[in-house]
Amino acid sequence: MAMKEAYLYEKKEHERVRCFLCSHHCLIGEGKRGICGVRENRLGTLVSLVYGKVIARNVDPIEKKPLFHFLPGSNSFSIATVGCNFKCRFCQNADISQMSYDQDRIRGEEMTPSMIIEDALSSRSATIAYTYTEPTIYYELAHDTARLAVTKGIKNIFVSNGYMTEECLTDIHPDLHGANIDLKSYNDKFYQEQCGARLAPVLKTLELMKKMGVWLEVTTLLIPGLNDSTKELKGLAKFLADLDPDIPWHISRFHPTYRLKDVSPTPPESIHRANEIGYEAGLKYVYSGNIPGDKGEKTFCHGCGELLIDRFGFNVSKNRIVNGRCPGCQEAIPGVWA
Ligand code: SF4
């Protein structure tokens, strides 16, 4: 596939370019790549090295994103390219997200946006999820695919670290229906030391997505000793509740991986304590992640406490929501249901 000129950058003097796709705002000299490793300055033109190079594609339940209040039980055709603008020491997909630094050659299967749409249609997927690594860094592919998907009645979902700029969000949001954004910590030092990024741009993205009307759920991976203090979790939960108490918050269990192999898995009690902190802050829907069979996987009505959606892992066994309402008390349940 021909090299794709990047979107959202500007040319500078001496053949340099400034990328404003994500909040790193890389200034890239001729022949060099940005922090994500997949955008390269070629003679003063910024190009995407991953356009149409799909490294992963799967038909996933939407619950795996996780999105719990968005077409429950539906298929989400999920894709990724290599590369990421973060360097999280606890990355669960480091084999593909960090591949652009580890290897010079960009790997991936050649797929055009229309081929992706065909696969989504034939797998009866209601959505296309841009996920696994970071959709922002393969923005040109995500953007072109999302635009085409809408014309075929397919919705689009970003599963993202939330580091895109306001320019990027302004550009994509008409075609973006839902997002799960990682709020990895409520501490800037954690973002700097563990992820190679900053906290403030992520908070801004959450605010902008709400303002733009994108359905938003948030995930926090709880890592023992690193981001699980009661004080930090209270701050995080309050931020979300002040933004919108309807935001579902997924608190997910950590398993030792990549550069954090020496940290133990999150005890389920910590997840339950964080759940309580979320509800105390005023959030209506708080969920446990990576603990199959946990009570915190189910959706209970925030009005009357009725069981609305029964889940085990990513599997929905019962959905009692009717026309977006609780069948018991008729309370409207926030989400995208049809
Ligand atoms: S998308 Fe890549 S090149 Fe652009 S600002 Fe972010 S890290 Fe830098």
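**View 1. The ligand sits in the largest cavity of this predicted model.** A cavity is, on a 1 Å grid over the protein atoms alone, a set of points where a 1.4 Å probe fits but cannot get out. A molecule sits in a cavity or pocket if more than half of its atoms lie within 2 Å of its grid points. The model is predicted, so local features need pLDDT of at least 70 and side-chain atom pairs count only at pLDDT 80 or more, while totals for chains, interfaces and linings use all residues. Residues are numbered from 1 along each chain as its sequence is written, and side-chain values use heavy atoms, with hydrogens and water left out.

**View 2. The shell around the ligand.** Surrounding the ligand are Cys19, Leu21, Cys22, His24, His25, Cys26, Ile28, Gly34, Ile35, Cys36, Arg39 and Asn85; a residue is near a molecule if one of its heavy atoms lies within 4 Å of it. By class, this shell has 7 nonpolar, 4 polar and 1 charged residues. In this classification Ala, Val, Leu, Ile, Met, Phe, Trp, Tyr, Cys and Pro count as nonpolar, Asp, Glu, Lys and Arg as charged, and the others, Gly among them, as polar. One of the shell residues, Cys22, has a relative accessible area of 10% and is therefore buried. Buried means under 20% relative accessible area, exposed over 50%, and partly exposed in between, with a 1.4 Å probe and protein chains only.

**View 3. The largest cavity and its lining.** The count comes to 1 cavity of 30 Å³ or more. The largest cavity holds about 100 Å³ of space. Its lining has 14 residues, and Cys19, Cys22, Cys26, Cys36 and Arg39 are the closest to the cavity centre. Lining residues have an atom within 4 Å of a grid point. Grid points are joined across faces, edges and corners, and a volume is the space filled by probe spheres set on the points. The cavity lining divides into 8 nonpolar, 5 polar and 1 charged residues.

View 4. The structure holds 0 disulfides, a disulfide being a pair of cysteine sulfur atoms within 2.5 Å. Cys301 is buried, at 4% relative accessibility.

**View 5. The largest pocket.** A pocket is an open set of grid points with protein on both sides within 12 Å along at least five of seven lines. The largest pocket has a volume of about 960 Å³. Lys65, Pro66, Gln92, Asn93 and Asp182 are the closest to its centre among the 38 lining residues. Two or more lining residues come from each of β12 (155-160), β13 (178-182), β14 (215-222), β15 (249-253) and β16 (286-289). β14 contributes the most, with 3 residues. Strands (E, at least two residues) and helices (H or I, at least four) are DSSP runs, numbered from the N terminus. The lining consists of 13 nonpolar, 17 polar and 8 charged residues.

**View 6. The cis peptide bond at Pro66.** From Lys65 to Pro66 the peptide bond is cis, with omega near -10°. Pro66 is placed in the loop between β8 (56-61) and β9 (75-80).

**View 7. The second largest pocket.** About 260 Å³ is the volume of the second largest pocket. It is lined by 15 residues, of which Tyr279, Val286, Lys295, Gly296 and Phe300 are the closest to the centre. The elements giving two or more residues to this lining are α9 (268-281), β16 and β17 (299-300), and α9 gives the most, with 3 residues. The lining has 6 nonpolar, 5 polar and 4 charged residues.

**View 8. Two loop residues with positive phi.** Leu8, in the loop between β1 (4-5) and β2 (9-11), has phi near 60°, a positive value in a residue other than glycine. At 18% relative accessibility Leu8 is buried. Asn290, likewise not a glycine, has a positive phi of about 65° and lies in the loop between β16 and β17. Asn290 is partly exposed, at 36% relative accessibility.

**View 9. Tyr51 and Lys298.** Tyr51 is found in the loop between β6 (45-48) and β7 (53-54) and is buried, at 13% relative accessibility. From C-alpha to C-alpha, Tyr51 and Lys298 are 38 Å apart in space, and in sequence they are 247 residues apart.
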